[in-house]
Amino acid sequence: MSITREFLRHPMLTGAIAPSSPRLAEEMTAGLGLERASCVAELGPGTGVFTEAVLALLRPEARLTAVEINPHFASALRTRFPQVDVVTGSAEHLALDGVDVVVSGLPWTAMTAARQHRILDAVTATLAPNGRFTTFAYAHAAWTPPARRFAASLRSRFAVVERTPVVWGNLPPAFVYRAALPVAVGRIRRGQPAAASA
């Protein structure tokens, strides 16, 4: 499955024009405690570059759920990774509990503010109190309003947020956000309505 072809066919469902590099995948999965995790979620796995890196670190008994909005990618992922629970749908509707790590390949700068907020709220509601979240952003877009808005939203929802140096061995070059300890203000408790997003 070609990510470039899917981008050209469905640009609203595919945020990247080229697959992420193994170097970025290594940076995305480092320092998250995946070796000890029992339950992991991946958002926007695309062609499975990060999925493969996550599985290489997980224990055999650990559970990995991947949420992919593009049905072509979702179908290919099920075939390639039969041990992964692949859900076709939007990350906004992530409905797991007590997840140790969430790994995201979503195109945050291509989203509206409201959608960014809904997905981040779903992430924080899903994570365990000591959970970790990782995602990436393209370096060339770091100073655009959507990117800055996302960075601010991330910092409002996690007690710890760090940004790695730029991974130049990726097309385009990118950096990784690692966030830990979701804070109460960003969490939606199951059974409670979400606050309105701007």
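On one side of helix α6, P145 and R148 are exposed, that is, over 50% relative accessible area, where under 20% is buried and in between is partly exposed (1.4 Å probe, protein chains only). This is a predicted model, in which local features need pLDDT of at least 70 and side-chain atom pairs count only at pLDDT 80 or more, while totals for chains, interfaces and linings use all residues. Residues are numbered from 1 along each chain as its sequence is written, and side-chain values use heavy atoms, with hydrogens and water left out.

Helices are DSSP runs of H or I with at least four residues, strands runs of E with at least two, numbered from the N terminus.

Back to α6. Its buried residues are A147, F150, A151, S153, L154 and R157.

Next, S104, in strand β4 (residues 99-104). Is S104 buried or exposed? Its relative accessibility is 0%, so S104 counts as buried. Leaving out residues up to four places away in sequence, S104 touches M28, L43, F50, F133, T134, T135 and F136. A polar atom of the S104 side chain also lies 3.1 Å from the backbone nitrogen of L106.

Last, S75, in helix α4 (residues 71-80). S75 is partly exposed, at 42% relative accessible area. From S75 to V86 is 11 residues in sequence and 8.4 Å in space, C-alpha to C-alpha.

Notes
A polar contact is a pair of N or O atoms within 3.5 Å; within protein, one must be able to donate a hydrogen and the other to accept it, and residues adjacent in sequence count only if both atoms are side-chain atoms. Contact means heavy atoms within 4.5 Å.
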